Amino acid sequence: MSKISNTTAYPTVTPAAGDLLVITDVSDSNATKTATVSSFTSSVLGLQTQEITLTPAQLLSLDGGGTIELIEAPGAGKVIVPISFACFLDFNTIAYDLSSDINIKSGTTGGSFGAVDADELNSSSDVYFTVTLSPYPGATLEVNGALNIVATTQTITQGDSPLTLSITYRIVDFS
């Protein structure tokens, strides 16, 4: 039998989410089984990724203040901890006119993790960007709180482009 280090017999590849890995299941008498690469990010590392597309109607609903739920509340004793936000504004024909950044918050009473930059959303062309996540000092996590975009005194009267968010996060269980 070849050794794993024999790259002629076992060529090196860049794994895809659906690729299989051989594992030993210690909970089943050390039986040999397979697992997908993607299962490691969610079950072993606790990371999850969700892609959400906000419609122009949803973004315009933030005029005067409002909330859009991005990730539902995780359950009793649990909190959502965002790791990263990758965003894509797919410019259509009319640029938005947001008056200020839009906060990303833990629930309705928790602290802000960062903000979606108004300048990026007001773009008149396609734009890919990230959200800098850094909880403000003293920010609290809302137990069993959804991850939300929150506008408090936002003015937004025009725009027709969808915004896609790819959010990587983990759920921490304190119960």
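Biologist: Why is Leu98 called buried?

Modeller: This is a predicted model, so every value is computed from it. Leu98 has 8% relative accessibility. Buried means under 20%. Leu98 is therefore counted as buried.

Biologist: Where is Leu98 in the chain?

Modeller: Leu98 sits in the loop between strand S5 (78-89) and S6.

Biologist: Which residues does Leu98 touch, not counting those up to four places away in sequence?

Modeller: Leu98 touches Ala118, Leu121, Asn122, Gln154, Thr155 and Ile156. As for Leu62, its C-alpha atom and that of Leu98 are separated by 9.4 Å. Those two residues are 36 apart along the chain.

Biologist: What makes Thr109 buried or exposed?

Modeller: Its relative accessibility is 64%. Exposed means over 50%. Thr109 therefore counts as exposed. It lies in the loop between strand S6 (102-106) and strand S7 (112-116).

Biologist: Which residues is Thr109 in contact with, leaving aside neighbours within four places in sequence?

Modeller: Thr140 and Glu142 are in contact with Thr109. For Ala139, the C-alpha separation from Thr109 is 9.8 Å. Ala139 and Thr109 are 30 residues apart along the chain.

Biologist: Why does Ala35 count as buried?

Modeller: Ala35 is at 14% relative accessibility. The cut-off for buried is under 20%, so Ala35 falls in that class. Ala35 belongs to strand S2.

Biologist: How do you know which class Ala17 belongs to?

Modeller: Ala17 has a relative accessible area of 47%.

Biologist: What does Ala17 touch, not counting residues up to four places away in sequence?

Modeller: Thr36, Val37 and Ser38. Ala31 is 14 residues from Ala17 along the chain, and their C-alpha atoms are separated by 23 Å.

Biologist: What is the phi of Ser29, and what is the phi of Asn30?

Modeller: Phi of Ser29 is near 50°. Phi of Asn30 is near 60°. Most residues other than glycine have a negative phi.

Biologist: Where is Ser29, and where is Asn30?

Modeller: Ser29 is in the loop between strand S1 (20-25) and strand S2 (31-36). Asn30 is in the loop between S1 and S2.

Biologist: Why is Ser29 called exposed, and why is Asn30 called partly exposed?

Modeller: Ser29 is at 71% relative accessibility, so it counts as exposed. Asn30 is at 48%, so it counts as partly exposed. The line for exposed is over 50%.

Biologist: What makes a set of residues a nonpolar core?

Modeller: The residues must be buried, of nonpolar kinds such as Leu, Ile and Phe, and joined through side-chain atoms within 4.5 Å. The largest such core here has 30 residues. Those with the most contacts inside it are Leu54, Leu70, Phe85, Ile149, Leu163, Leu165 and Ile167. In soluble globular proteins, nonpolar side chains tend to be buried together.

Biologist: Which residues are in contact with Leu54, leaving aside neighbours within four places in sequence?

Modeller: Leu59, Ile68, Leu70, Ile149, Pro162, Leu163 and Leu165 are in contact with Leu54.

Biologist: How many residues does the protein chain have, and what share is buried?

Modeller: The chain has 175 residues, and buried residues make up 33% of them.

Biologist: How does the radius of gyration of the protein chain stand against that of a compact globule?

Modeller: The chain has 21 Å. A compact globule of 175 residues would have a value near 16 Å. The C-alpha trace spans about 65 × 40 × 25 Å along its principal axes.

Biologist: How many helices and strands are there?

Modeller: There are 3 helices and 10 strands. From the N terminus on, the order is β-β-α-β-α-β-β-β-β-α-β-β-β.

Biologist: What share of contacts joins residues at least 24 apart?

Modeller: That share is 73%, among contacts between residues at least 6 apart in sequence.

Biologist: How many positive and negative side chains are there?

Modeller: The chain has 5 positive and 17 negative side chains. The centres of the two sets lie 20 Å apart.

Key: Residues numbered from 1 in each chain as written. Predicted model: local features only at pLDDT ≥ 70, side-chain atom pairs only at ≥ 80, totals over all residues. Heavy atoms only, no water. Buried < 20%, exposed > 50% of the residue type's maximum accessible area, 1.4 Å probe, protein only. Contact = heavy atoms within 4.5 Å. Helix = DSSP H or I, 4+ residues; strand = E, 2+ residues; numbered from the N terminus. Rg over C-alpha atoms; globule rule 2.2 N^0.38 Å. Lys, Arg positive; Asp, Glu negative; His and termini not counted. Charge placed at Lys NZ, Arg CZ, Asp CG, Glu CD.
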